[in-house]
Amino acid sequence: MKIAFIGAGNMAGAMIHGIIRNNVVSPKEVTVSAHSVESPRLISLKEELGINITGDNREAADGKDVIVLAVKPVMYETVIQEIRSQVSPETIIISVAPGKSLAWLQENFRKDVRIVRTMPNTPAMVGEGMTGFCVNANITSEDMDKVKAILNAFGVARMVPENLMDAVVGASGSSPAFVFMLIEAMGDACVKAGIKREDAYTFVAQAVLGSAKMVLETGKHPAELKDMVCSPGGTTIEGVMALEAAGFRSAIQEAIEVTIDKCKRV
């Protein structure tokens, strides 16, 4: 399976590392393009992974089984126009841009194309990504096997109806930023209490990691897990009540809602 990545940013890098690390394809089957073959990012990927690189998007796309469009959404129309003639009816196109619908992508290719719309997130950089995806009617069951192998190589992938893709942005696409803010704020409070900053972030980040694993692995409702920490008259319930008083839940919910609303307007 020959794969081209148009764009060499952080998300493309995370995906490439994952598919090579998990032996989905060999480095020689991966070609990555950027605005210049002299791009430091391209050169770094080639030296580290042994992939093929080019400064020509058309060259990257030519003859590939899968093409991943990993450029900024504003560049999609230009890039699609560039590579349109290199895309065959059997080529699988994977989009990673929020707000670009399957219909919009199909229209811009101006022919029947096999399209997968995805919303990955930055934890893919450490192999713990969460990717929501949907597909158009041209994707076959064989294509689906390839798509799942690629997307699961850098985390977990779940197929959803296209009308939920904007919600996926709120659920997992943007939410790592909110978690990082939580970790930073908790770390600051620990520093104030006398813990060294590097230790504070370790304590807090590991607590977040462990808490997330408990949700995923125990199958218990988050509220039940919260209650397990809150002893009657104890320290944790004091903190929980302070968060409630400060509007913690409503602030998080609003952040998710405005993220989704913004995505719908992209």
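**Figure 1. Glu 244 and Arg 249 join their side chains in a salt bridge, 2.8 Å from N to O.** A salt bridge here is a side-chain nitrogen of Lys or Arg within 4 Å of a carboxyl oxygen of Asp or Glu. This is a predicted model, in which local features need pLDDT of at least 70 and side-chain atom pairs count only at pLDDT 80 or more, while totals for chains, interfaces and linings use all residues. Residues are numbered from 1 along each chain as its sequence is written, and side-chain values use heavy atoms, with hydrogens and water left out. Glu 244 has 36% relative accessibility and counts as partly exposed; Arg 249, at 45%, is partly exposed too. For these labels, buried means under 20% relative accessible area, exposed means over 50%, and partly exposed lies in between (1.4 Å probe, protein chains only).

**Figure 2. Glu 224 meets Lys 220 in a salt bridge of 3.5 Å, N to O.** With a relative accessible area of 40%, Glu 224 is partly exposed. Lys 220 is also partly exposed, at 33%.

**Figure 3. Asp 143 and Arg 114 form a salt bridge of 2.9 Å, N to O.** This pair ties together distant parts of the chain, as Asp 143 belongs to helix 6 (residues 141-151) and Arg 114 to strand 6, 29 residues apart. Helices (H or I, at least four residues) and strands (E, at least two) are DSSP runs, numbered from the N terminus. Here both partners, Asp 143 and Arg 114, are buried. Searching the whole structure gives eight salt bridges.

**Figure 4. Helix 7 (residues 165-173) has buried residues that include Met 165, Val 168 and Val 169.** Also buried in helix 7 are Asp 166, Gly 170 and Ser 172. What do the buried residues of helix 7 pack against? Their partners are strand 6 (114-119), strand 7 (129-135), helix 8 (175-192) and helix 12 (248-265), where contact means heavy atoms within 4.5 Å.

**Figure 5. Helix 12 buries Ala 255, Thr 259, Ile 260 and Cys 263.** Seen down the helix axis, the buried residues of helix 12 fall within an arc of 125 degrees, so they line one face of the helix; the arc is that of the directions from the helix axis to the C-beta atoms. These buried residues pack against helix 7 and helix 8. On the other side of helix 12, you will find Glu 254, Lys 264 and Arg 265 exposed.
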